[in-house]
Amino acid sequence: MKIGLALAGGGASGGAHIGVLRALEEAQIPIDLIGGTSSGAMVAGLYAAGVTTSDMLRLLPSLTRRHIDIDFTLLPRIFTRKYPGGLLRGDRLYQFIRSAVQEQSMSNVRIPLAIAATNLQTGREVIFSSHPCIAPNVRGIADEFHFPLWETITDISLAKAIRASISIPFVFQPIEFNEMILADGGLVDNCPVLPVRTMGADLVIAVDTITPFLRLRGKLLLKARTLAQQVINIGLGRHAALSALQADLFLAPPVGPIGALDFPRLASVAELGYEYTKKRIPYILHALSLRT
């Protein structure tokens, strides 16, 4: 039986994925395939490339606010056609990722890997995959139209695939690749359960670190910022519900509300993910035993 792991996006809360992986390793639960979106793509990509959870924990203190490279040339261009689509360049974070995975390409990672991004021009999902990941077709009646649910790309560097997946709209500037403009995969698939299963997983464990904290405390305030945040929350909550339905096991480490770029909390969030998963190992082992 091949076990797949799908890691959801969630900004800095995605540090909990490292703790989840560490707990699964200690329980000798093998991860045969892995996928991720946004911060989940970063953890999944590093793990697939052979970076151990111990190495990731050692890397966390070096990921700081200095990697937030504000584009100070943005203001003069914000009302022109040259607006780059995000406040942060993302170059420093890209170099951080590249230094961790070296020059690896998607095609030579250690563990079969799927990373989700969004093609802003078409609104379609793009899956960067190291192994065959054939998308199911969406068909109209009498076959009046049909198209794959996602486009699969294998010929790309691992670092660039991760960089595309973490391009949060209006925060990180999207990247261009093969005449596509690519942004955060969370727009279309915040936890790529189906792609991981399509690669060959018999059982998929989904991990979502942000969904438990999307519910409003109190009445919705009709302010632009509050409404915008709630619109995002509704989409993420819907993605997570679909992931829970599609996955065989669904883990939701309670990391608490955390800013997307709150890098100083990464280590503590990883520990929370570890403790949460460790307590649930007996349930996970039981579920696995029923499938073997």
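User: How many helices and strands are in the chain?
Analyst: The chain has 9 helices and 13 strands. Keep in mind that this is a predicted model.

User: And what share of the residues is buried?
Analyst: Buried residues account for 50% of the 292 in the chain.

User: What about contacts, how many of them join residues at least 24 apart?
Analyst: That would be 73%, counted among contacts between residues at least 6 apart in sequence.

User: Okay, on to the inside. How many residues does the largest nonpolar core have?
Analyst: It has 69 residues. Those with the most contacts inside it are Leu5, Ile34, Leu113, Ile115, Phe128, Leu158 and Ile284.

User: Which helix gives the largest share of this core?
Analyst: Helix H9, residues 266-291, with 8 residues. There is also another core lying apart from that one, with 17 residues, including Cys133, Trp150, Cys191 and Ala201.

User: What comes just after H2?
Analyst: Gly50 does, and it takes a positive phi of about 105°.

User: Switching to Ser39: which helix is it in?
Analyst: Ser39 lies in H2, which covers residues 39-48.

User: Why does Ser39 count as buried?
Analyst: Because its relative accessible area is 12%, and the cut-off for buried is under 20%.

User: So what does Ser39 touch?
Analyst: Not counting residues up to four places away in sequence, Ser39 touches Ala8, Gly9, Gly10, Gly11, Gly14 and Ile166.

User: New topic. Which residues form a nonpolar patch on the surface?
Analyst: Leu120, Ile181 and Leu187 do, with about 240 Å² of accessible area together. Leu120 is in the loop between strand S4 (113-119) and strand S5 (124-129).

User: Is Leu120 buried or partly exposed?
Analyst: Partly exposed, because its relative accessible area is 44%, while exposed would need over 50%.

User: Last one, phi angles. What is the phi of Ala142?
Analyst: Phi of Ala142 is near 55°, a positive value in a residue other than glycine. Most residues other than glycine have a negative phi. Asp143 also has a positive phi, near 55°.

User: Where are Ala142 and Asp143 found?
Analyst: Ala142 is in the loop between strand S6 (137-139) and strand S7 (146-148). Asp143 is found in the loop between S6 and S7 too.

User: How exposed are Ala142 and Asp143?
Analyst: Ala142 has 76% relative accessibility, so it counts as exposed. Asp143 is at 42%, which means partly exposed.

Conventions
Residues numbered from 1 in each chain as written. Predicted model: local features only at pLDDT ≥ 70, side-chain atom pairs only at ≥ 80, totals over all residues. Heavy atoms only, no water. Helix = DSSP H or I, 4+ residues; strand = E, 2+ residues; numbered from the N terminus. Buried < 20%, exposed > 50% of the residue type's maximum accessible area, 1.4 Å probe, protein only. Patch = residues over 30% accessible without salt bridge, like charges linked within 9 Å, V, L, I, M, F, W, Y side chains within 5 Å. Areas by Shrake-Rupley, 256 points an atom, 1.4 Å probe, with all protein chains shown as cover. Salt bridge = Lys/Arg side-chain N within 4 Å of Asp/Glu carboxyl O. Core = buried A, V, L, I, M, F, W, Y, C linked by side-chain atoms within 4.5 Å. Contact = heavy atoms within 4.5 Å.
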